Amino acid sequence: MTYLSRIRINPLRAESRKLLSSPRAMHGAVLGGVPGGPGDGGRVLWRLDADDAHRPHLFVLTASRPDWTHVIEQAGWPGADGEHAAVRDYAPLLKQIAPGREFSFRLTASPVQNTASPKAPTPTQAARLAVATGDERVRGFRLGHRTATAQLRWFLKRTEGWGFDVPLSRTDPPAPGLDEGLPPNGPDAPPVDTDDPGPAREVRITARHRHAFKKNGKGAAVTFHSVTFEGRLRVTDSEAFTSRLLGGIGPSKAYGCGLLTLAPVTGGGR
């Protein structure tokens, strides 16, 4: 079985501040709640929703029923009223997945690109490039997209492969002569921005962060950019979509990226 957990975090506690500021530390706390770890039956996905700094929540998707006692005791409100950790069976949601079905969604992902020639290589990348000789092919470097436009384009270009699409924005139609955000055509048109995501769609970026830390606290440097997308989606391929719900989207899954969560569309949508 698969379970989705929602855990309340008390931002004023010392352990909470450590978890909220460190994807590496939060990753460890998440794995501490799963018997057998991620190798015991499937991947563990998690996401920290801290848009309300006074009421952050941790979401975790697991392939077995977890126990969040340690998180509640160290970083929650162990003696307070209320549901500290809601753990729900994921099966009822998965049964609703069907082509044409629409949901509101939230996803924190790490948009990346692969290139063999970075514009501003790091010392490690420069060293790899320096030892490449002649016709030797350099293995591509994974680089994070840094601009909101490029990050949004990364997302929209891949939704078909993930089993869904994002409907066009339901705002008022553009004024005559405008083309819903597309660059104008014609011989006098300015050059097309290759990062232009195209017509406005039912998605927006609500948070963007750069993370940098040492793996295991003292090992290799880890740097990535995370972006939170919110909006509305329409299922196009049930099998591919379910695979992304359970397996996650994009890289940096160990550090809080990849978990796509859904909610029923109500009141005519966003």
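Rings of Phe, Tyr and Trp (for Trp, its six-membered ring) form a pair if their centres lie within 6.5 Å, with planes under 30 degrees apart counted as stacked, over 60 as edge-to-face and the rest as tilted. The exercises concern a predicted model, in which local features need pLDDT of at least 70 and side-chain atom pairs count only at pLDDT 80 or more, while totals for chains, interfaces and linings use all residues. Residues are numbered from 1 along each chain as its sequence is written, and side-chain values use heavy atoms, with hydrogens and water left out.

**Exercise 1. Find which residues the ring pairs link into a cluster, and classify the pairs that F155 makes with F164 and with F229.**

Step 1. The structure holds 11 aromatic pairs. The rings of F155 and F164 have centres 6.1 Å apart and planes at 45°, so this pair is tilted.

Step 2. For F155 and F229 the centres are 4.7 Å apart and the planes stand at 15°, so this pair is stacked.

Step 3. Ring pairs link F105, W154, F155, W162, F164, F229 and F241 into a cluster.

Step 4. Buried means under 20% relative accessible area, exposed over 50% and partly exposed in between, with a 1.4 Å probe and protein chains only. F155 is buried at 0%, F164 is buried at 1%, and F229 is buried at 0%.

**Exercise 2. Describe the surroundings of S110.**

Step 1. S110 lies in the loop between β5 (102–109) and β6 (112–115), and is buried, with a relative accessible area of 2%.

Step 2. Leaving aside residues up to four places away in sequence, S110 touches W154, F224, H225, P251, S252 and C257, where contact means heavy atoms within 4.5 Å.

Step 3. Of these neighbours, H225 places its backbone oxygen 3.1 Å from a polar atom of the S110 side chain.

**Exercise 3. Work out how strand β2 pairs with strand β3.**

Step 1. In β2 (residues 45–49), 4 of the 5 residues are buried, which leaves the strand mostly covered.

Step 2. β2 and β3 (residues 57–62) run antiparallel and are joined by 5 bridges, whereas pairing requires that DSSP find at least two bridges between two strands. The bridge partner of L48 in β3 is L58.

Terms used
Helix = DSSP H or I, 4+ residues; strand = E, 2+ residues; numbered from the N terminus. Polar contact = N/O pair within 3.5 Å; in protein donor to acceptor, adjacent residues only side chain to side chain.
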